[in-house]
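Here is a quick tour for anyone meeting this structure for the first time. Have a look at the chain below, and then we'll go through it piece by piece.

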Amino acid sequence: MDLNALKDFHLIADAGGFGAASRASGRPKATLSRRLADLEEALGVRLIERGSRQLEITEAGKLLLARTVGPMRDISEAVVMTQEGATSPRGCLRIAAPQLFSQVALGQLAARFRARYPDVQIEAVAEDRLSNLVAEHFDVAIRINPPTDSTLVGRCFARDKLMLVAAPGFEMPLSNSGSPLPVAAIVMPSHREGEIWSLDNGRRCFLPQPVAQFSSLLSVRDAVIAGAGAAMLPQSIISSLLDKGALTAWGEAGSTTELWVLHTSRRLQSPKVRAFVAFICEQYPGGWFTT
């Protein structure tokens, strides 16, 4: 398959038609039409429906676009770096990150990264789900306690720990029975009925009784500060409030949360990816996530 013809197909699709593609590239419409026809003949499928006033891409064309936009971008960047002998990071860096990390840290990190590498443009998507780096054309992903994935490689750049906290005026239940202590709780949608909050290596346990549920940890934190209940929260977003006395810590959970920066092992690891991985790791020299 002719990569130049594939590149022209992307140009036509992005521009929304032959005329717009011709104006954007400075190449004749007839040339672009002929290159597209050659590509369709080589593949044995029609990619664009002719005769319509608006550009209509066929299902086969949409599939080809979706599966080749990432590789074509990598090839273009590789050609530019080869031609210019460039080793410095450049181009668009697409980042997938959890909402909390995006809300409290990613904006400042991106600004500092851009100050160091001004030829890189940042495009970040904040979602609490496992994105598919290849299919969705992400360069890197920030993940919390990621499952093992043979297609991804990366580094743990920071750690965080969970703490059970409440407002100073919120009374902590006490009992000598040894059973988990019921407590009014602010929870996330991931909470499951019967879940136990275990503190200090199991020496104290609480049975959360949800009184409110939020999809944002920052909203959970605000409700706790207002005295609505207790909650298990990351130390990174409450440490300053503990210092000020706005929150009281009841204890620590035993597990540690790890934050990883990941990228696919099967894609060209461009200078921008290598630079970002090294950059984000050096932002947390102590190994703990702080905001």
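This is a predicted model: local features need pLDDT of at least 70, side-chain atom pairs count only at pLDDT 80 or more; totals for chains, interfaces and linings use all residues.

Before we start, a word on how the pieces are named: helices (H or I, at least four residues) and strands (E, at least two) are DSSP runs, and they are numbered from the N terminus.

**The whole chain**

Let's step back for a moment. The protein chain has eight helices and 11 strands. Its radius of gyration is 26 Å, well over the 19 Å that the globule rule gives for 291 residues, so the chain is more spread out than a compact globule.

How much of the chain is buried? Of its 291 residues, 40% count as buried. The accessible surface comes to about 15600 Å², and carbon and sulfur atoms hold 51% of that. As for charge, there are 31 positive and 29 negative ones, and their mean positions sit 5 Å apart. Contacts tell another part of the story: take those between residues at least 6 apart in sequence, and 72% of them join residues at least 24 apart.

Phi of His 137 is near 60°, a positive value in a residue other than glycine. Asn 145 also has a positive phi without being glycine, with a value near 45°.

Asn 145 has 41% relative accessibility, so it counts as partly exposed.

Here are the relative accessible areas of these two, along with two residues we'll meet further on:

| Residue | Relative accessible area | Class |
|---|---|---|
| Asn 145 | 41% | partly exposed |
| Gln 209 | 37% | partly exposed |
| Phe 101 | 4% | buried |

Helix 8 takes in residues 271-282, which makes 12 residues, and reaches 17 Å from its first C-alpha to its last, close to the 16 Å expected. This helix is mostly covered, with nine of its 12 residues buried. Among them are Val 273, Phe 276, Phe 279 and Ile 280.

Ile 280 leads us on to Phe 101, which touches Ile 280. Phe 101 belongs to helix 5 (residues 99-116) and is buried, at 4% relative accessible area. What else does Phe 101 touch? Leaving out residues up to four places away in sequence, its partners include Leu 109, Ile 142, Phe 157, Leu 259, Tyr 284 and Phe 289. Phe 289 is 188 residues away from Phe 101 in sequence, but the C-alpha atoms of the two are 9.8 Å apart in space.

**Gln 209**

Our last stop is in strand 9 (residues 204-213), where Gln 209 lies. At 37% relative accessibility, Gln 209 counts as partly exposed. Which residues is Gln 209 in contact with, leaving aside neighbours within four places in sequence? They are Pro 182, Val 183, Ala 184 and Ala 185. Gln 108 is 101 residues from Gln 209 along the chain, and 36 Å separates their C-alpha atoms.

How values were computed:
Residues are numbered from 1 along each chain as its sequence is written. Side-chain values use heavy atoms; hydrogens and water are left out. Buried means under 20% relative accessible area, exposed over 50%, partly exposed in between (1.4 Å probe, protein chains only). The radius of gyration is taken over C-alpha atoms; the globule rule is 2.2 Å times the number of residues to the power 0.38. Contact means heavy atoms within 4.5 Å. Accessible areas come from the Shrake-Rupley method with a 1.4 Å probe; for residues, only the protein chains shown count as cover. Lys and Arg count as positive and Asp and Glu as negative; His and the chain ends are not counted. The place of a charge is taken as NZ of Lys, CZ of Arg, CG of Asp or CD of Glu. The expected span of a helix is 1.5 Å times one less than its number of residues.
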